[in-house]
Amino acid sequence: MGKALVMGASLKPSRYSNIAINRLVSAGEEVVAFGLRTGEVAGIKIDTELLKYKDVDTVTLYLNPKNQEPYYDYILGLNPKRVIFNPGTENPYFYAQLRDKNIEAEVACTLVLLSTGQY
């Protein structure tokens, strides 16, 4: 099984990216996280540098479309099976780039997917 990369991870407990890390860990998923500030959430270190993670199955985005732009090539280079565009991250331009590389662009909420068993 691959791992989930949470892009836009936050140390603030009220942020959806933080809640997602907690729920992914609780569900037994392997999680890595990237954010602007280093720290730890649910035992997961938030990296502030773009690392060459291996076996990333899912990238779940918590960055608005404008803030996604610098990471297009990085995400494409990870070659995940899917990228989840959580509410507020919808980006048709990036969907097209992902689909060109046979990567699924899923417009959904990671928290809902986990709670309904569809993750």
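Predicted model: local features only at pLDDT ≥ 70, side-chain atom pairs only at ≥ 80, totals over all residues.
Residues are numbered from 1 along each chain as its sequence is written, and side-chain values use heavy atoms, without hydrogens and water.

**Strand β6**
- β6 and β7 (residues 104-107) run parallel, joined by 4 bridges.
- β5 also pairs with β6 in the parallel sense, over 4 bridges; pairing takes at least two DSSP bridges.
- T60 stands opposite I84 in β6.
- R82 and I84 on one side of β6, and V83 and F85 on the other, are all buried (under 20% relative accessible area, 1.4 Å probe, protein chains only).
- In a regular strand, side chains alternate between the two faces of the sheet.

**Nonpolar cores**
- The largest nonpolar core has 22 residues, of which L5, M7, V59, I75 and L98 touch the most other members. Such a core is a set of buried Ala, Val, Leu, Ile, Met, Phe, Trp, Tyr and Cys residues joined through side-chain atoms within 4.5 Å.
- α3 gives this core its largest share, 5 residues.
- A second, separate core has 14 residues, including A9, A33, I44 and L111.

**Largest pocket**
- The largest pocket holds about 620 Å³ of space, a volume filled by probe spheres set on the grid points.
- Its lining numbers 24 residues; G8, S10, R15, S17 and Y62 lie nearest the centre. A pocket is an open set of points on a 1 Å grid where a 1.4 Å probe fits, with protein on both sides within 12 Å along at least five of seven lines; lining residues have an atom within 4 Å of a point.

Terms used:
Buried < 20%, exposed > 50% of the residue type's maximum accessible area, 1.4 Å probe, protein only. Helix = DSSP H or I, 4+ residues; strand = E, 2+ residues; numbered from the N terminus.
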